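Here is a short tour of a protein chain, written to be read with the model open beside you.

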Amino acid sequence: IDDKVIDKIMSETELFDLKFNSLEISSVHDHDGYYMSNGLAKSKTLFELLTSKEIAEISRQYLGEKFRLKCHRVYSVSSGAKNPWHTDDKKYGEKNQQIKGLVFIIYLNDVYDGEFQALKGSHLFSSDYEYPNFDTYTMKKFEDKITSFKMPKGSIVIFDNKTIHRAKPYLNFFW
């Protein structure tokens, strides 16, 4: 994605400009980062990108003719955050084998620390587990399957929602 498009999305979403006592759509800040859950309502540029022919065609090829756009968030993970290894296809104890999903991650800045990580091929076996989160003990046996995505601003990572993944923890409070 072109730098100008990314800059426009960041400007329109105002991710780091929290609104207090306002009815305006705003981000949320917690100890793990900043989250904008209504990105499409806030950014016309993001709406046009996520509803583009290219994204729709990739989705159709993998998911079939009928699919829906869901969870269009803009977020930034804070330094020191502990994002657990997890999947996006189930809630605690609830599996939905019927729903296929794709996740599109678009880097809004260069990410060479705290990058997205995934377990190669895990979408084929993660449904063997009851819960969406994975503890350190379980993850030890998968260390050789970890793939890190250190990439520049504008890069896109697309993966099956059954993939075990996380944002790698990092400690750089000046980032």
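## Inside the chain

As general background, nonpolar side chains tend to be buried together in soluble globular proteins.

## A buried serine

Now follow the chain to the loop between strand 8 (111-119) and strand 9 (133-134), where you will find Ser126. Is Ser126 buried or exposed? Ser126 has a relative accessible area of 0%, so it counts as buried. Its contacts are with Thr87, Lys90, Lys162 and Ile164, again not counting residues up to four places away in sequence.

## A nonpolar patch on the surface

Which residues form a nonpolar patch on the surface? They are Ile1, Ile58, Ile156 and Ile158, and together they have about 270 Å² of accessible area. Ile158 sits in strand 11 (residues 156-160). With a relative accessible area of 38%, Ile158 is partly exposed.

## Two residues with positive phi

The loop between helix 1 and strand 1 (28-30) holds Glu14, and Asn21 lies in the loop between helix 1 and strand 1 as well. Glu14 is not a glycine, yet it has a positive phi of about 50°. For Asn21, phi is near 50°, a positive value in a residue other than glycine.

How accessible are they? Glu14 counts as partly exposed because its relative accessibility is 26%. Asn21, with a relative accessible area of 88%, is exposed.

## How confident is the prediction?

The chain has a mean pLDDT of 88, and 95% of its residues reach 70 or more. Where is confidence lowest in the chain? Look at strand 6 (residues 94-95), with a mean of 62. Confidence is highest in strand 10 (residues 146-151), at 97.

Definitions and conventions:
Residues numbered from 1 in each chain as written. Predicted model: local features only at pLDDT ≥ 70, side-chain atom pairs only at ≥ 80, totals over all residues. Heavy atoms only, no water. Helix = DSSP H or I, 4+ residues; strand = E, 2+ residues; numbered from the N terminus. Buried < 20%, exposed > 50% of the residue type's maximum accessible area, 1.4 Å probe, protein only. Contact = heavy atoms within 4.5 Å. pLDDT = per-residue confidence, 0-100. Patch = residues over 30% accessible without salt bridge, like charges linked within 9 Å, V, L, I, M, F, W, Y side chains within 5 Å. Areas by Shrake-Rupley, 256 points an atom, 1.4 Å probe, with all protein chains shown as cover. Salt bridge = Lys/Arg side-chain N within 4 Å of Asp/Glu carboxyl O.
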